[in-house]
Amino acid sequence: MRHVIALDVGGTGMKAALVGVDSKPSPDRPGAPRQAPGHPALLHQARRATGRERGPDAVVEEILDFAAELRAYGEEHFGESAAAAGVAVPGIVDTQGGIAVYAANLGWRDVPLRRLLGERLGGVPVALGHDVRTGGLAEGRIGAGQGADRFLFVPLGTGIAGAIGINGGVEEGAHGFAGEIGHIVVRPGGSPCPCGQRGCLERFASAAAVSQAWAEASGDPGADAADCAKAVESGDPRALAVWQEAVDALADGLVTALTLLDPRTLIIGGGLAEAGQTLFTPLRAAVERRVTFQKLPSIVPAALGDTAGCLGAGLLARDLLNTTSTTPRR
């Protein structure tokens, strides 16, 4: 069965899959993988740690070994090697050159990951993508943004990033930095950000920022954003104040983004979005209060959870195959 390798590399762990390339298998065939309409067929899934405690070289070797194991699994169980591979990585990524330029969490610089993976996998084509944009690609095509010609995907995790979706693709920008909404300044002169500015959105509205604010407000150093959401639901006034501050900052950043981008759908994901309507009800109201001439987009939760990056990596690999097959030979 023709398939590709999909790898999503995170700060501490990796998620991987073998993804079917052709039309999804008939459900009448014994053992046919099941998936929601529009999803690629997930033939095999696996996870493992990055091993970052052993240094950046060890992380790269772990990725290469994992990919080789996935290739071997495909050969054994599906009768052929993977036709291509897609990998999503954090940090600064040169997708055209296939270089993982920098990732603070992994400690690497200028890793020629596309070339290294291609060599380890026997010369198959490899696509390299930025983790958030790759996740956004999946959300746009097969997740919450399916059918929207313009969308903005914003995951709220340790930080805040964004993916700008246009007609089935994701905009990278001239230098690969498009969508960095977490570094819009929403509170001038506010908390310092590691990027060098003060008052960035992610310092107020990320899951990490809410966790820190609630730990301080509650006096419990172990409290996190999920605990804050539960306290909001129970009516705790301290939690309500922390939550509203985050919602207001997020709404300010999102309205700036929608003023510039005019998306049809605004997809919110990441850990903070797991609060459900505790987040979405006040957020929709806060955004609506702030818009004037702008068209209000649909504001919806992400649909794919932590599988978005892996699914997106599979889509990158399948796109690469389609591009290769349609390119005339010289």
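This is a predicted model: local features need pLDDT of at least 70, side-chain atom pairs count only at pLDDT 80 or more; totals for chains, interfaces and linings use all residues.

Residues are numbered from 1 along each chain as its sequence is written, and side-chain values use heavy atoms, with hydrogens and water left out.

Helices (H or I, at least four residues) and strands (E, at least two) are DSSP runs numbered from the N terminus. Helix H7 comprises 25 residues, 237-261, and should span 36 Å at 1.5 Å a residue, in agreement with the 35 Å between its end C-alpha atoms; the expected span is 1.5 Å times one less than the number of residues. At the start of H7, a side-chain oxygen of Asp236 comes to within 2.8 Å of the backbone nitrogen of Arg238, and the residue that follows H7, Asp262, has a positive phi near 50°.

Helix H5 (residues 207-218) packs with its axis within 10 Å of that of H7, and the two cross at roughly 155°, the axes being lines fitted to C-alpha atoms over the stretch in contact, with angles from 0 to 180 degrees between N-to-C directions. H5 and H7 are therefore roughly antiparallel, a term that applies to angles over 145 degrees. Contact (heavy atoms within 4.5 Å) joins Val210, Ala213, Trp214, Ala217 and Ser218 of H5 to Arg238, Ala239, Val242, Trp243 and Ala246 of H7.

Most residues other than glycine have a negative phi.

| Residue | Phi | Relative accessible area |
|---|---|---|
| Asp110 | near 50° | 53%, exposed |
| Asn167 | about 50° | 58%, exposed |

Asp110 belongs to strand S7 (residues 108-111), while Asn167 sits in the loop between strand S10 (163-166) and strand S11 (169-171).

His3, in strand S1 (residues 3-9), is buried at a relative accessible area of 0%. Leaving aside neighbours within four places in sequence, the residues in contact with His3 include Leu18, Val21, Leu43, Phe78 and Glu80. A polar atom of the His3 side chain lies 2.8 Å from the backbone oxygen of Met1.

Note on methods:
A polar contact is a pair of N or O atoms within 3.5 Å; within protein, one must be able to donate a hydrogen and the other to accept it, and residues adjacent in sequence count only if both atoms are side-chain atoms. Buried means under 20% relative accessible area, exposed over 50%, partly exposed in between (1.4 Å probe, protein chains only). Angles under 35 degrees count as roughly parallel, over 145 as roughly antiparallel, 65 to 115 as roughly perpendicular and the rest as oblique.
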